[in-house]
Amino acid sequence: MTRTPVNVTVTGAAGQIGYALLFRIASGQLLGADVPVKLRLLEITPALKAAEGTAMELDDCAFPLLQGIEISDDPNVAFDGTNVALLVGARPRTKGMERGDLLEANGGIFKPQGKAINDHAADDIKVLVVGNPANTNALIAQAAAPDVPAERFTAMTRLDHNRALTQLAKKTGSTVADIKRLTIWGNHSATQYPDIFHATVAGKNAAETVNDEKWLAEEFIPTVAKRGAAIIEARGASSAASAANAAIDHVHTWVNGTADGDWASMGIPSDGSYGVPEGLISSFPVTTKDGKYEIVQGLEINDFSRSRIDASVKELEEEREAVRGLGLI
Ligand SMILES: NC(=O)C1=CN([C@@H]2O[C@H](COP(=O)(O)OP(=O)(O)OC[C@H]3O[C@@H](n4cnc5c(N)ncnc54)[C@H](O)[C@@H]3O)[C@@H](O)[C@H]2O)C=CC1
Ligand SMILES: O=C([O-])CC(=O)C(=O)O
């Protein structure tokens, strides 16, 4: 194998998403079946032993593409020379915790990680934030990394995108492979807006094919937007394998490109497109090529969509104000 290995850092490596993610990265599903990887696992000190156990299992898989594993509780070590950073570890909301407390607790994680990325990561670093609240955690990390191009900080809405694909496929009696150009707009939260007005099912407009605004407003959108809570209710734990799968999809798409005639959803810094205030990390339809993404331009946004996009963007603005007030950005 002649290619230089790509350094991939995963934070929260001993957590449930970490366990579902690391083996897939090591097997080549993140970057490609011909791309060797070195894994860096970042955990908090009490979870280092568990991370070591996962590393032992990774060794035991004898993945031909896996060229090394390093484990650390120091972000300066874990992000040293890293090319792809998957920021999964985050502080979950616990009983009695207000939103401000949650943002502050996550600021204590994502600000130092952003700084470590700024100071130590490779020049081509790409960052995906999975840990919630993902969009605003991405904003915090980005603000702490002024030397890294802002567009390298992204947040995950691909799980929402994938959830929406399946719901639409079920409704239309098609398969997910028949569906193209679906979009998640806004925040990875219950205000997100899954948009099928530009989507196609087997080449035909999805909204026209469905032709059922009541289903759209009362079933499809709430099912997708509240799916995370439904999984917690059913499983007694939040989505893990599907979240890891979406993280793989997000980075694979970013690095390897979207298919002709299709797009994906990514939480990315707004350039002001579609009236989303510049700098907010909000989900958009994007095409990707040569490791870069571009927002799909020129889509007509009807009133139904406009009010929902605006509501989610308003929530993102409020989160941005809150972290600004806490001095985190
Ligand atoms: N954007 C999305 O679509 C989704 C996001 N999530 C979020 O992903 C995050 C992780 O989920 P799980 O793996 O299920 O949680 P988990 O609780 O099983 O694992 C989190 C891990 O992060 C570690 N951690 C905490 N602080 C850290 C720090 N400063 N540095 C490194 N590691 C640290 C913990 O020790 C723990 O091992 C949560 O915030 C969850 O809400 C989950 C599903 C979907
Ligand atoms: O709420 C959570 O921790 C899980 C989550 O983001 C999701 O499943 O979309």
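Predicted model: local features only at pLDDT ≥ 70, side-chain atom pairs only at ≥ 80, totals over all residues.
I began with residues 7-146, where the chain is 44% helix and 19% strand and the end C-alpha atoms lie 21 Å apart; helices (H or I, at least four residues) and strands (E, at least two) are DSSP runs, numbered from the N terminus. An unreviewed UniProt entry annotates residues 7-146 as "domain: Lactate/malate dehydrogenase N-terminal", and such annotations may be inferred rather than shown by experiment.

Side-chain values use heavy atoms, leaving out hydrogens and water.

Next I looked up helix α1 (residues 16-26), where the buried residues are Ile17, Gly18, Leu21, Leu22, Phe23, Ile25 and Ala26 (buried is under 20% relative accessible area, with a 1.4 Å probe and protein chains only). Their cover includes β1 (6-11), β2 (37-42) and α10 (241-256). Just after α1, I found glycine 28 with a positive phi of about 100°.

Then I turned to arginine 163 in helix α6 (residues 158-172). Arginine 163 counts as buried because its relative accessibility is 11%. Beyond neighbours within four places in sequence, its contacts (heavy atoms within 4.5 Å) include His188, Arg227 and Ser239.

Last, the cores: sets of buried Ala, Val, Leu, Ile, Met, Phe, Trp, Tyr and Cys residues joined through side-chain atoms within 4.5 Å. The largest nonpolar core has 37 residues, and Leu168, Leu182, Ile196, Phe220 and Phe284 have the most contacts inside it. Helix α8 gives this core its largest share, 5 residues. Apart from it I noted another core of 33 residues, among them Val8, Ala26, Leu39 and Val251.

Definitions and conventions: Residues numbered from 1 in each chain as written. Chains lettered and ligands numbered in written order. Buried < 20%, exposed > 50% of the residue type's maximum accessible area, 1.4 Å probe, protein only.
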